[in-house]
Amino acid sequence: MHDTSAHAVHHGVPTSFIRKHVFSLDHKVIGKQYYALALVAVVVGMVLSWIMRIHLGWNNFAIPGLHLLSSTGAPGNVLTPEYYLQLMTMHGTIMVFFVLTTAPFAAFGNFFLPIQVGAEDMPFPHFNMMSFWITFVAFLVLVSSFFVGDGPTLGGWTQYAPLSAVGAVAGPGQGLGVVLWASSIGIFCIGQLLGALNFITTTLDMRTKGMSLMRLPLSAWAWFITSIMGLTAFAVLMPACILLILDHVAGTSFFVASNLVINDQVLPHSGGSTLLWQHLFWFFGHPEVYIAIVPGLGIVSHVLITNMRRPLLSHRVIIYSMGSLAVLSYMVYGHHMFVSGMNPYSSLAFSFPTLVITIPSTIVVLIWLGSLYGSKLRINTASLFALGFISMFISGGVSGFFLAQPSIDIMLHATYFVVGHFHLVMAVAAIFGIFSGTYFWFPKMTGRMMNETLGRIHFWLSFVGTYCIFMPFHYLGIAGNVRRYQAFTDDYLIPLIPVHKFITIAALLTGLAQFIFIYNLIHSRFKGALAPDNPWEGTSLEWSTATPPPHNNFGDKMPVVYHDPYQYSVEGASTDYVMQTSPEQLKNAPDEK
Amino acid sequence: MTTAMTTDEAHKNTGMGKDLVVYLCMLALAAIQFVIAYQDISASQMFGRMLSVAVVEAGLALLFFMHLSENRGLMWFVLIFTVSVVLGMQYGWTDSFRILGGVPWAK
Amino acid sequence: MSQADLTMQGHSTAAMAEPTFSVPAKKMAMWLFIIADTATFAGCLVAYGFIRNSTPDWPRPFHSITNVALMTLILLTSSLTMLIGVRSAQKGDKAGAFRWTMITAVAGILFAILHIREWMGMIGEGATLFHNPWGTPLFGSLFFSITGLHLLHVTGGVIALVAVGLRYKAGRYRADDLEITGLYWHFVDLVWMFVVPLVYLLNLAH
């Protein structure tokens, strides 16, 4: 009908190598690119954590070749205290931004959201391509800080001012390192904004005939809700990063108070507020936590339902719970600041919604457990990792109740208790979600099955290993072990060193087990058994198209949706499950509207 | 240009007079802001009054210049989304007062 | 507002569900961008308010409001001319739509010139990002950051208006595209309604 449009979705099958694999407009290729980026990032982040763990367990242990990374940071292959902090900062930043945000949200969301809503592609393929490449540039900028000046910043992934804002006087990496860090995150924000625009418009405007919002699978809902959070959270982080850069390069002092003395120098800054950075950062930072975990909730629900062969107790309540998580995530950010010298009234005002936000999380978990009870769960690697996700989410979530209360948090703040809490509930849980999604969707993404035996070995090693690493963190925290120390020399900390050694060994072994996964991933990609179109007998739209999906997702005929997403074990149906695209009439369909 | 812009454009063509009225209202509100600036009141009072006027102005612009009044669903989506995010940012104020006054609330 | 946007996207309207809120993707994307940009501006203004509140001797250096009043008048009027342009486009009056869009762009340029003239005046008095003659250096930091962010939006808006206007004239864009650009322009106007009282009028010398 119309000859031209700036953002017409319809783009032909690409022919050149560059359009096909590099600057691809196809959401499926972009999804895989995001996945590859996350995979590289997670390996970098994991190796950094190994170096840190070895240093914590055996303070003078020389790690062969470490001086190649930084001759000043690791003279004689042993970390200096500053370089320990620099590696820790990079571990946190890489993991939070380039793994936990990109893999469950941008990677799987890009690949499967358009397919699950029944669209040919996202509405703005060029934005989508830019979104990935901008994120890629952000990653390069961040990693480049290893190799310039005196290395990356040491301020922690939260970059608390004034440490982050005063410049090189505060230590190695606090000059150029912080500028690169803030630039990288600022660039990252632009990429995520473009991604979020695409995700939301895909969900709202690109659904196929018959696909009402309530007929969307829970994974699609999770990506939609996540993108709504991402849209505004990153929009606040970006100006915060720009102000931080201005403090470095333009001589402003937004985040530095007057008369600050560092290393016997009075700084020329005046008038700013250190708390302001925390307010701006955590206004982004708390939604970010849910940006990392909500896609996991969706993926795990999707995987569990398919393997339980029956819908969850309630489809809508899960959606409403994820929605309330999104809304509440903007109201709780101050619980990161209970001991920052924040107004005590604010602590009260933040504590209440923080306890309230546990309610939707608990509801989701209870619906999962209630639905699992008595179901004949098909055990495979995907469903095992989904169960593992629930386990991590509960174990990590329970400690959240303690931390939500200012009076208890004053003691536990900045100890290993907090480290254990957020690693379990947000980091490892989200990564288990990624694993679950990978084992579940790999056949659709590549056309080949992953090796099930290796998958189960990977699961059990990861599951046991993760608990061995992070459960002792809680005990360490209660014993008063402060985080971000590079050595434990105080009297009360020395008896805890054996626990650290245990954790280090567990971390090394668990990390090694991940190479089973990477081997499985690469080997199966080329040598795995060919996958059928619907290996798990799922009902949603991704299973009604070819494996792997053709360029425009559904071939010549766009799908028409007749049913709610999860029609399993329906009475009177000819099979155990009824596809969303099946025109079969159902008499007693649960949830059918 | 084929059938593209036809469907629901017809009823919009009536509104030019309304645009002018809204424009004049916004000019008047902007003028009120300038008048408030010359009142002899404290900064916080001035802030409150000016912000209220600005919110009314923004509402007029959203509803009529940006045509939100013609699409209730979109209006609620945009308003609830934006207002909850902007309100979420307001937690920090008590800290800024406390830095100045040394007490939880402004003296 | 029509389904037309979707029909061009490869498969026929009949194969699609009704878009939520009946808003096609491009317009929805603009609304979403506006929401995100609101968060950006709100973050900056909150930062400004936070620091202004916690600084006891906040300077109030502005003596004349003539320039900012003129700027406000121009920006508000440009919103009206934008509306006229969009309505002309919706009626099918292509020449009129193009003319009014360009008038809007010219108003935007005028606004930017006045803005820069005012900046030059302040810089002439010795105000920079990190220093100013009236008191805390943060006054200059915040003033130039926030008005600079707005000026950046105006500049981007002028470029967008000219680009979209020309393409509309050439028949490559439709009335809807003009309307979407208009949404952005109204948003820039809307933000100015908050920047003026908070950044200028609150800092008026008495």
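Q: What does chain C span, and what share of its residues is buried?

A: The C-alpha trace of chain C spans about 65 × 35 × 25 Å along its principal axes. Buried residues make up 57% of its 206 residues. A residue is buried if 20 or more other C-beta atoms lie within 10 Å of its own, exposed if 12 or fewer, and partly exposed in between, with C-beta atoms placed from the backbone.

Q: And chain B?

A: Chain B has four helices and zero strands, in the pattern α-α-α-α. Buried residues make up 28% of the 107 residues in chain B.

Q: OK, chain A now. What's its mean pLDDT?

A: The mean pLDDT of chain A is 92, and 97% of its residues reach 70 or more. pLDDT is the predictor's confidence in each residue, from 0 to 100.

Q: Where in chain A is the confidence lowest, and where is it highest?

A: By element, strand E2 (residues 265–266) of chain A is lowest at a mean of 84, and helix H4 (residues 125–144) of chain A is highest at 97. Over residues 1–8 of chain A, the pLDDT is below 50, and this stretch has 15 contacts in the model beyond near neighbours in sequence. Two residues are in contact if their C-beta atoms, placed from the backbone, lie within 7 Å. Where pLDDT is low, the predicted coordinates should not be read in detail.

Q: How many helices and strands does chain A have?

A: Chain A comes to 15 helices and four strands. Its radius of gyration is 24 Å, close to the 25 Å that the globule rule gives for 593 residues, so chain A is as compact as a globular protein of that length. The radius of gyration is taken over C-alpha atoms, and the globule rule is 2.2 Å times the number of residues to the power 0.38.

Q: Which domains does chain A get?

A: The assignment gives domain 1 (20–272) and domain 2 (294–530) of chain A; such bounds come from an automatic or database domain assignment. The centres of the two domains, taken over C-alpha atoms, are 20 Å apart.

Q: How many residues of each domain are in contact?

A: 35 residues of domain 1 of chain A are in contact with 32 residues of domain 2 of chain A. On the domain 1 side, H3(A) gives the most, with 13 residues.

Q: Switching topic: how many residues of chain C are in contact with chain A?

A: 38 residues of chain C are in contact with 45 residues of chain A. H2(C) gives the most to the chain C side, with 16 residues. That side divides into 24 nonpolar, 11 polar and three charged residues. Ala, Val, Leu, Ile, Met, Phe, Trp, Tyr, Cys and Pro count as nonpolar, Asp, Glu, Lys and Arg as charged, and the others, Gly among them, as polar.

Q: Which residues touch the most other members in the largest nonpolar core?

A: The largest nonpolar core has 272 residues, and those touching the most other members include Leu197(A) and Leu32(C). A nonpolar core is a set of buried Ala, Val, Leu, Ile, Met, Phe, Trp, Tyr and Cys residues joined through C-beta atoms within 7 Å. H3(A) gives the most to this core, with 23 residues.

Q: What is Leu197(A) in contact with?

A: Leaving aside neighbours within four places in sequence, Leu197(A) is in contact with Phe124(A), Phe127(A), Ala29(C), Leu32(C) and Phe33(C).

Q: Last one: is Arg316(A) buried or exposed?

A: Arg316(A) counts as exposed, because it has 10 C-beta neighbours inside 10 Å. Arg316(A) is found in helix H8 (residues 315–329) of chain A.

Terms used. Residues are numbered from 1 along each chain as its sequence is written. Chains are lettered from A and ligands numbered from 1 in the order in which they are written. This is a predicted model: local features need pLDDT of at least 70, side-chain atom pairs count only at pLDDT 80 or more; totals for chains, interfaces and linings use all residues. Helices (H or I, at least four residues) and strands (E, at least two) are DSSP runs, numbered from the N terminus.
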